[in-house]
Amino acid sequence: MKISIIITFYNNINILKTCLSNLLETVVSERCNIEVIVVNDNPSINLFAIQELYGKEVSLTIINMEQNSGYSAACNRGVQAANYENILLMDCDIFPSGAWLEKMMCTYHNINYYGCVSANIIDMGTNRMFGYGVGIYGVDTIHYLQNRSLDFCPKEDMDFPILSSGCMLMTKSLYFDLGMQNTTYFNAFNDFELTYLNYLQGNKNRMSCNALVFHRGHVSGNVRTNYYADSKAVFFQKIGGKIDHLSLGMLNKIYASQNPLKNCRVIVVNFSNSLKRQDYIDNFITMNHLHIQQLYDFKNPSGNNIILSDFMTWDICRLDLPILYFSDNFMLLRENYHWYNNRANKNDLIIDRHGNIIHINDF
């Protein structure tokens, strides 16, 4: 199969070199069927050296945007220039690993080569999952199982209403049929809208569990963050609450697979900043037939690691009832060895809005 790999670039040539080097190292057998298109969205940077370094190893085209036009426009330009029907969108800070493309192609075959397939993106600094598919609930973005270790990675490909385009395979004709990426978003949420439109057409958005690629992140700088809030507002204005039930259903499925506490009294400690924080707790309590004995609602406006003894007195630690700690990210609660080690009840769980359930002994 012939594939056009489209890599968008804005900043950090060394990162781009790592991306291309990893790409070529991992697609040796398929290389003759691949073209690489690098779209340079930063006119102040010359990528002539990239052409010199890699142009002899693979069919390589560099497209220079006339001005910084954003991720959406860069992707669109790359797709328009693609010679092959199958296209793979790849961020320049994605570092492919192992037989990633072979695994993606297997998943692609299983959806009859029509729809969107995303690789399983791993944080290169922590070796943890960036998230296994995307959900939207209220105004929250859910990255299912975010920050879980690779040994907890799902063992099956799964479908979601939204995917990330960090490393995503689809057909050129479908990309055009969906209207390409909306340039209004500039640098954020454009891929969410594209894959959501694909879902609305009845096509699959499928995560490929065995196709592992690593993600550097935070290489674009303010050119991305300056537009983030406005892009999010536009996207949520369009999608409203249209997939809340789907996202919550997937959240319940993932929660249930981890066998949490059931049919008992619990203490709930809520550190979430989400506007929907009580919804997540109520849902979890209801599905597991739990009964709240005490509820503490603290929030975590600083976004820093949470030290439990800063918020709760020692007598709570010594209560012989399970505690459910809820936060937007379970990793914020990991630095509490003294508290966890002295708990009178050893069945405490940490849950977050990304579907993670962590037993305190797992830290």
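Two strands are taken to pair when DSSP finds at least two bridges between them. In this predicted model, strand E15 (residues 323-327) and strand E16 (residues 349-352) pair in the parallel sense over four bridges, and Phe326 has Ile351 in E16 as its bridge partner.

Both strands belong to an open sheet of five strands, ordered E14-E13-E15-E16-E17, in which the pairing is mixed. Strand E14 (291-297) and strand E17 (357-359) stand at the edges with a single partner strand each, so one side of each has no neighbour in the sheet; from one strand to the next, the twist averages 20°. Helix H10 (residues 277-287) lies across E13 (265-270), E14, E15, E16 and E17, and runs at about 160° to E13.

## Aromatic pairs

A search of the whole structure finds 20 aromatic pairs. One of them joins Tyr196 and Tyr199, whose ring centres are 6.2 Å apart with planes at 25°, so the pair is stacked. Both residues lie in helix H6 (residues 190-200), three residues apart, about one turn of the helix; Tyr196 is buried at 9% relative accessible area, whereas Tyr199, at 30%, counts as partly exposed.

Phe271 and Phe311 form an edge-to-face pair, 5.0 Å centre to centre with 75° between the planes. This pair links distant parts of the chain, with Phe271 in the loop between E13 and H10 and Phe311 in the loop between E14 and helix H11 (314-317), 40 residues apart. Phe271 is buried, with a relative accessible area of 1%, while Phe311 is partly exposed at 33%.

## Charges over rings

Arg148 lies over the face of Phe152, 3.5 Å from the ring centre, and the charged end of Lys276 sits over the ring of Tyr137, 5.6 Å from its centre.

Note on methods
Residues numbered from 1 in each chain as written. Predicted model: local features only at pLDDT ≥ 70, side-chain atom pairs only at ≥ 80, totals over all residues. Heavy atoms only, no water. Helix = DSSP H or I, 4+ residues; strand = E, 2+ residues; numbered from the N terminus. Axes fitted to C-alpha atoms, helices over the stretch in contact; angles between N-to-C directions. Contact = heavy atoms within 4.5 Å. Phe/Tyr/Trp six-rings, centres within 6.5 Å; stacked < 30°, edge-to-face > 60°. Buried < 20%, exposed > 50% of the residue type's maximum accessible area, 1.4 Å probe, protein only. Lys NZ or Arg CZ within 6 Å of the ring centre and 35° of its normal.
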